Amino acid sequence: MNPFSDEYFMKQALEEARIGAAEGEVPVGAVIVCNNRIIARAHNQTERLNDTTAHAEMLAITAATGLLGAKYLTDCSLYVTVEPCIMCAGAIGWSQIGTLVYGAGDEKRGFRKYAPQALHPKAIIKEGILEAECAAEMKSFFQSRR
């Protein structure tokens, strides 16, 4: 597998999602890539931190901006296993992430349904990367909770 492909980086996000699931978190994982290098990785931590805003995307954006010392991530790509919610889409837009790549769509809470213009106007969006694997991770997690 090409180490600089969308599939490769989505697999890294899936690993983060699995770490979150093992901790009892909804399995969403995210990685931020700049110049073909992962500069931030995160998974949901809403339960651990008792913070409804501690989504994988939010934590990854905070880590990436801290590492780069800049508030804009124009030259970066965000890989996330599930379509971002409205809150995360707003943060993605404000941080001016250049490319958003996500796996599974989210019909109930995804930004495309409620706020399709939330991202920066120049942002590139790629959807459906490893969609089946990303969706299966979510489905498995919620089935085990029922």
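How much space lies in the largest pocket? In this predicted model, the largest pocket holds about 730 Å³ of space, and helix α6 gives the most to its lining, with 4 residues.

**The largest pocket**

- The lining of the largest pocket is made up of 20 residues, and the closest to the pocket centre are Val-82, Asp-106, Arg-109, Met-138 and Phe-142.

- An open sheet is formed by 5 strands, which follow one another in the order β2-β1-β3-β4-β5 with mixed pairing.
- The edges of this sheet are taken by β2 (37-43) and β5 (124-127), and because each of them has a single partner strand, one side of each is left without a neighbour in the sheet.
- Neighbouring strands of the sheet are turned against each other by 15 degrees on average, direction ignored.
- Within the sheet, strand β3 (residues 76-82) runs parallel to strand β4 (residues 99-104), and the two pair over 5 bridges.
- Helix α6 (residues 131-145) packs on the sheet, where it touches β3 and β4, and the direction of α6 makes about 60 degrees with that of β4.

**Cysteines and helix α4**

- Across the whole structure, a search finds 0 disulfides.
- The sulfur of Cys-85 has its closest cysteine sulfur in Cys-88, at 3.7 Å, which is too far for a bond, because a disulfide requires the two sulfur atoms to lie within 2.5 Å.
- Cys-88 is accordingly in no disulfide, its nearest cysteine sulfur being that of Cys-85 at 3.7 Å.
- Both cysteines count as buried, Cys-85 with a relative accessibility of 16% and Cys-88 with a relative accessible area of 0%.
- Cys-88 belongs to helix α4 (residues 86-94), in which Ala-89, Ala-91, Ile-92 and Gly-93 are buried as well.
- The cover over the buried residues of α4 includes α3 (56-68) and α5 (111-114), together with the strands β3 and β4.
- Just after α4, the backbone at Gln-96 takes a positive phi of about 60 degrees.

- Once the neighbours within four places in sequence are left aside, Ser-77 is in contact with Val-31, Ile-32, Val-33, Ile-97 and Thr-99.
- Asn-36 has its place in the loop between β1 (29-34) and β2, and at 45% relative accessibility this asparagine counts as partly exposed.
- Not counting residues up to four places away in sequence, Asn-36 touches Phe-4 and Phe-9.
- Although 41 residues separate Asn-36 from Ser-77 in sequence, the two are 9.2 Å apart in space, taken from C-alpha to C-alpha.

Key. Residues are numbered from 1 along each chain as its sequence is written. This is a predicted model: local features need pLDDT of at least 70, side-chain atom pairs count only at pLDDT 80 or more; totals for chains, interfaces and linings use all residues. Side-chain values use heavy atoms; hydrogens and water are left out. Buried means under 20% relative accessible area, exposed over 50%, partly exposed in between (1.4 Å probe, protein chains only). Two strands pair if DSSP finds at least two bridges between them. Axes are lines fitted to C-alpha atoms, for helices over the stretch in contact, and angles run from 0 to 180 degrees between N-to-C directions. Contact means heavy atoms within 4.5 Å. On a 1 Å grid over the protein atoms alone, a cavity is a set of points where a 1.4 Å probe fits but cannot get out, and a pocket is an open set with protein on both sides within 12 Å along at least five of seven lines; lining residues have an atom within 4 Å of a point. Grid points are joined across faces, edges and corners, and a volume is the space filled by probe spheres set on the points.
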